[in-house]
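I set down my entries in the order in which I checked them.

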Amino acid sequence: MDLILSIVLIFAGLVMAFFPEFVYELQESLRSDAVGTPSKWFLISTRFGGVLSILLGLAGVISFFVL
C-alpha cells in the first residue's frame, strides 16, 4: 500500500512540476466559470511543491525496498 501511495505522489508531483497551468485550471474551474491566467508566484510555488512531492515519493519508494 505504501508503494502505491508513493507512486501516486510521484505522479502528482510530476503533473505539478511540468503542468502547473493544468493544476491552476483544475482549481479555478471548481471556484468559477471564468478561468484567468495564473500568476508567476502560483507557477513557481506549484512547481516547487511538485518537486517536493516527487522527492517524498522517491523517498517512500526507496524506503519500501530498503526496509
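The entries below go helix by helix and then turn to the packing.

**Entry 1: the model.** I note at the outset that this is a predicted model, and I read every value below as computed from it.

**Entry 2: α1.** I looked up helix α1, which covers residues 2-18, and found that its 17 residues reach 24 Å from the first C-alpha to the last, close to the 24 Å expected at 1.5 Å a residue. I then checked burial along α1 and listed Ser6, Ile10, Gly13, Val15 and Ala17 as buried; the buried residues of α1 pack against α2 and α3.

**Entry 3: Phe18.** I looked separately at Phe18, which has its place in helix α1. Is Phe18 buried or exposed? Its relative accessible area is 58%, and since exposed means over 50%, I recorded Phe18 as exposed.

**Entry 4: α3.** I went on to helix α3, residues 40-66, whose 27 residues reach 39 Å from the first C-alpha to the last, close to the 39 Å expected at 1.5 Å a residue. As buried residues of α3 I wrote down Phe42, Leu43, Thr46, Gly49, Gly50, Ser53, Ile54, Gly57, Gly60 and Val61, and I found that what covers them includes α1 and α2.

**Entry 5: α1 with α3.** How do α1 and α3 pack, in angle and in distance between axes? I read an angle of about 155° with the axes 7 Å apart, and because angles over 145 degrees count as roughly antiparallel, α1 is roughly antiparallel to α3. The crossing of α1 and α3 is left-handed, and the residues of their contact divide into 14 nonpolar, 8 polar and 1 charged.

**Entry 6: α2 with α3.** I then took helix α2, residues 20-31, and found that its axis and that of α3 come within 9 Å and cross at roughly 110°. That angle falls in the 65 to 115 degree range, so I describe α2 as roughly perpendicular to α3. On the α2 side the contact is made by Pro20, Glu21, Val23, Tyr24 and Gln27, and on the α3 side by Phe42, Leu43, Thr46 and Arg47. I sorted the residues of this contact into 5 nonpolar, 2 polar and 2 charged.

**Entry 7: cross-check.** I compared my lists and noted that Phe42, Leu43 and Thr46, which take part in the contact with α2, are among the buried residues of α3.

Technical notes. Residues numbered from 1 in each chain as written. Predicted model: local features only at pLDDT ≥ 70, side-chain atom pairs only at ≥ 80, totals over all residues. Heavy atoms only, no water. Axes fitted to C-alpha atoms, helices over the stretch in contact; angles between N-to-C directions. Helix = DSSP H or I, 4+ residues; strand = E, 2+ residues; numbered from the N terminus. Parallel < 35°, antiparallel > 145°, perpendicular 65-115°, else oblique. Contact = heavy atoms within 4.5 Å. Nonpolar A, V, L, I, M, F, W, Y, C, P; charged D, E, K, R; others polar. Left-handed = near helix turned anticlockwise from the far one by under 90°. Expected span 1.5 Å × (residues − 1). Buried < 20%, exposed > 50% of the residue type's maximum accessible area, 1.4 Å probe, protein only.
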